[in-house]
Amino acid sequence: PLLKVEEYQTPFQELLHQVLRQLQRKDPNAFFSFPVTDFIAPGYTMIIKHPMDFSTMKERVKKNEYQSLEELKGDLRTMCENAMTYNRPETIYYKAAKKLLHSGMKILSPERIQTLKQSID
Ligand SMILES: COc1ccc(C(=O)NC2CCC2)cc1-c1cc(C(C)=O)n2cccnc12
């Protein structure tokens, strides 16, 4: 079978893909890699109305559904706020979400994005 190469139609999609890779490095336990299920988190889908995770964000990049970085930033915020709503403050998930949101907003700062753009051009 052919090697599965991450092909992207536009440079902007490539930029978003690089941003997601940097964000996922801040989630070493992969707590945010896939959708949270009711099996591992009882009642989750009743409490959280707008679930989000990195695999869903990756799909959105592939389908070219993000028109701006702001939209990706919004999904990152939703994902972290979901975890800080469902989980109690003393849990590893609440703490991981708080940290991810903080470091994620730094990665998405204009300066960091400018540097990333230059590395792709
Ligand atoms: C994709 O979601 C997950 C994947 C794996 C794990 C996991 O490895 N949990 C082990 C660490 C202690 C059990 C946890 C989660 C997980 C994320 C979350 C979030 C993000 O709220 N969560 C909430 C309650 C229970 N489990 C989880």
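Reader: Is E65 buried, partly exposed or exposed?
Author: In this predicted model, E65 is partly exposed, with a relative accessible area of 42%.

Reader: Which residue does the E65 side chain meet in a salt bridge?
Author: R60, at 3.9 Å from N to O. R60 is partly exposed too, with 29% relative accessibility.

Reader: Which residues are linked with E65 in a network?
Author: R60 and D75 are linked with E65 in a network of salt bridges.

Reader: How many salt bridges does the structure hold?
Author: Five. One of them joins the side chains of K63 and E59, at 4.0 Å from N to O. K63 is exposed at 53% relative accessibility, while E59 is partly exposed at 37%.

Reader: What about K73, which side chain does it meet?
Author: K73 meets E70 in a salt bridge of 3.5 Å, N to O. Both residues lie in helix 4 (residues 69-86), three residues apart, which is about one turn of the helix. E70 counts as exposed because its relative accessible area is 52%, over the 50% cut-off.

Reader: Switching to the surface. Which residues form the positive patch?
Author: R21, R25, K26, K99, K106 and R112. Among them, K99 lies in helix 5 (residues 92-107) and is exposed, with a relative accessible area of 65%.

Reader: And where is D121?
Author: D121 is in the segment after helix 6 (110-120), exposed at 78% relative accessibility.

Reader: What are the confidence scores?
Author: The mean pLDDT is 94, and 94% of residues reach 70 or more. The model scores ipTM 0.98 and pTM 0.93.

Definitions and conventions:
Residues are numbered from 1 along each chain as its sequence is written. This is a predicted model: local features need pLDDT of at least 70, side-chain atom pairs count only at pLDDT 80 or more; totals for chains, interfaces and linings use all residues. Side-chain values use heavy atoms; hydrogens and water are left out. Patches are made of residues with over 30% relative accessible area and no salt bridge: like charges are joined within 9 Å, nonpolar side chains (Val, Leu, Ile, Met, Phe, Trp, Tyr) within 5 Å. Accessible areas come from the Shrake-Rupley method with a 1.4 Å probe; for residues, only the protein chains shown count as cover. Lys and Arg count as positive and Asp and Glu as negative; His and the chain ends are not counted. The place of a charge is taken as NZ of Lys, CZ of Arg, CG of Asp or CD of Glu. Helices (H or I, at least four residues) and strands (E, at least two) are DSSP runs, numbered from the N terminus. Buried means under 20% relative accessible area, exposed over 50%, partly exposed in between (1.4 Å probe, protein chains only). pLDDT is the predictor's confidence in each residue, from 0 to 100.
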